[in-house]
Amino acid sequence: MVVRHNLHRNVRILLVGDRGVGKTSLILSLVSEEFPEDVPPKSEEITIPADVTPELVPTNIVDYSAVEQSDMQLVEEVQRANVICVVYSVDDDDTMDRVTSYWLPFLRETLSHTHRCPVVLVGNKVDLVDYSTVDAAMDIMNDYKEVESFVECSAKTLNNISEMFYYAQKAVLHPTGPLYITDKQDLTEPCKKALTRIFKICDLDNDGLLNDHELNYFQKRCFDSPLRPEAMDDIKALLKRNISGGVSNSNCITLSGFLFLHLLFLQRGRSHTTWAVLRSFGYNDHLRMDSSYLFPKLKVPYGCSTELSYRGQMFFLNLFERFDSDKDGALSPHEQEKLFSICPAPPWRTELKHIVPTNSQGWVTADGFLCFWVLTTLQDPNTTLEYLAHFGYVINETESQLSALQVTREKSLDLLKKQSTRNVYECHVFGAKGVGKTTLCQGFIGRKYQASEVGAGETLPTSTVNSVIIYGQEKFLVLKEMNVQNINSLTEMDVSCDVVCLVYDCSDPKSFGYVASLYKKYYVENNMPVLVVGNKCEEGEVAQEGRLQPAEFCDLHHLSPPHFFSHQPQRQKELFMKLATMAAFPRFHAAWMLFYRHTSHLKELGLLTGDSIMLKAGLGITLFAALGFIFVRLLNSAQKR
């Protein structure tokens, strides 16, 4: 695994300070590796290539001269800088006093009092004195939090010149300010929060500890190499000496130990180590997850859709299993709270039980959990990408969470080939008000809908999703209830889906006219699979108003015969399998007509029930396709002769 680099494309270092402190000499000494005898008033901007810098980032070094530049030009350079080196001369107390009386206040005024541009304090000309200004510099650092570091150097003897520019570069790429509070000698709260989330992600067994296996997982993810056993022992010994409770009785590292370890890194000048960890989990310089990390660019061409890949499905199923601590196959409120503690907020509210399968207590099951992410990926793939990142889906320089998703081929190709390669199908459920669309959709996830469940002014979610087995393969079907009062107002998005379910009430003579009109307006010349469903058939079937009865209407328009829906589980299952199968084999109308007529006779004779219906359907379709293929081959051969 590759460690994720910092997000900076280059580092721009600006040197400011009073005239004569040696700013230009410092730059020229660094570049030529010798002290210049004739120093110009100002150095030209210097660009150091990435391959010669410790952090492999291009670096621009900019000089300032009060002789050659105006105050306005200085302000512009300050605003463009990534880091500012305030230089004073250690042999001139006035230049050091000006650091706090003029330069640091000027930077705050120019960049705002709470500016985040790091500052490096540079004491030049140490070759001229036999004392250090470190104590005075530390006082300045305590008063001005933007001052990241301090270095004494000499342009004449080249002492600490490289270190000065390294500290400046480091202040940009690995700033300590967002991570460490100097006067309190403690981690900042945002840093603690970020590291706590990382600890929870790496705690693979959710026991609140990092064992040796989990420490190696953490090390490989962040630094592309495992910890040597002796190094692991050294870390634990260090924690045992310095913090009570840093290592558990079972010899595992606790959260307090993990945080203390990073505190030591920062106190020992190893901020780059903590930043490497944070950036491996998507954090930017402001300790927020970067938008490019949360939302990698996903292109979905017109007519295509987004699904979870096999890898994505396995990630969510493993995530569910990991947090289902009591192994009862459902997430209790406590388990759910623990799962989403590594995210900004849960992606769903209490309405989830109306969308996906849950247990009798309304807790989401493993199937329901996967179904939720299947639905989210279909309707809002960016939300899935965001939560994959929050959940700790492995992301590095060569791979993002896009590997958990797949973009399907264009639907027009599915129609052309009369077979879909998709794993998720969307079914739009149309019908007049009161025909039982909600009951049908809720029955799909195993719920018996009661109108009393919905209070005044409340509405149920319009979509339900569940898995369906088609010829031995698991597919996902999304039922979307379309509550349309005026059928003339449908948009292309309302009409377009993988299969259409037109529902009427068998006991209401006026209900079929609605779906008949809708079909003739939008689907009569459309190749989309359509199934007419007669609901409430247990209440008795009455003649529908209009010239044609439902069966006659279907026959006239070459549709499958009406499917009569009831609350019997087996009849419900048959409907949903039929809809999914029609979506999987679009434009195979002749095969479906043959199949339905054949199976209806067998059912009347009591020879076909339950799952065997769909098995015979598969055999019927396969046989029909094979016979058609042979017929075409024979016809072509006859024409060639």
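Before I turn to the sheet and its helices, a word on terms: contact here means heavy atoms within 4.5 Å, axes are lines fitted to C-alpha atoms, for helices over the stretch in contact, with angles running from 0 to 180 degrees between N-to-C directions, and helices (H or I, at least four residues) and strands (E, at least two) are DSSP runs numbered from the N terminus. What you see is a predicted model, in which local features need pLDDT of at least 70 and side-chain atom pairs count only at pLDDT 80 or more, while totals for chains, interfaces and linings use all residues. Residues are numbered from 1 along each chain as its sequence is written, and side-chain values use heavy atoms, with hydrogens and water left out.

Let me begin with the sheet, where two strands pair if DSSP finds at least two bridges between them. Six strands form an open, mixed sheet in the order β12-β13-β11-β14-β15-β16, and its edges are β12 (463-470) and β16 (563-564), each pairing on one side only. Helix α14 (residues 366-379) packs on this sheet, touching β11, β12 and β13 (473-481), and its direction makes about 110° with that of β12. Helix α17 (residues 437-444), for its part, lies across β11, β12, β13, β14 and β15 (530-535), running at about 155° to β13.

Now the pairings. β12 and β13 run antiparallel and are joined by eight bridges; they form a hairpin with two residues between them, and Tyr-471 in the turn has a positive phi of about 50°. Phe-476 in β13 is the bridge partner of Ser-467, and Phe-476 is also the bridge partner of Val-424. β11 pairs with β13 in the parallel sense over six bridges, and five bridges join β11 (residues 424-431) to β14 (residues 499-505), again running parallel.

Next, the nonpolar cores, meaning sets of buried Ala, Val, Leu, Ile, Met, Phe, Trp, Tyr and Cys residues joined through side-chain atoms within 4.5 Å, where buried is under 20% relative accessible area with a 1.4 Å probe, protein chains only. The largest has 75 residues, and those with the most contacts inside it include Leu-195, Phe-316 and Phe-391. Apart from it lies another core, of 52 residues, among them Tyr-425 and Tyr-514.

Which residues lie nearest the centre of the largest pocket? They are Glu-148, Pro-175, Thr-176, Gly-177 and Pro-178, out of 43 lining residues, where a pocket is an open set of points on a 1 Å grid over the protein atoms alone, where a 1.4 Å probe fits, with protein on both sides within 12 Å along at least five of seven lines, and lining residues have an atom within 4 Å of a point.

Conventions
Buried < 20%, exposed > 50% of the residue type's maximum accessible area, 1.4 Å probe, protein only.
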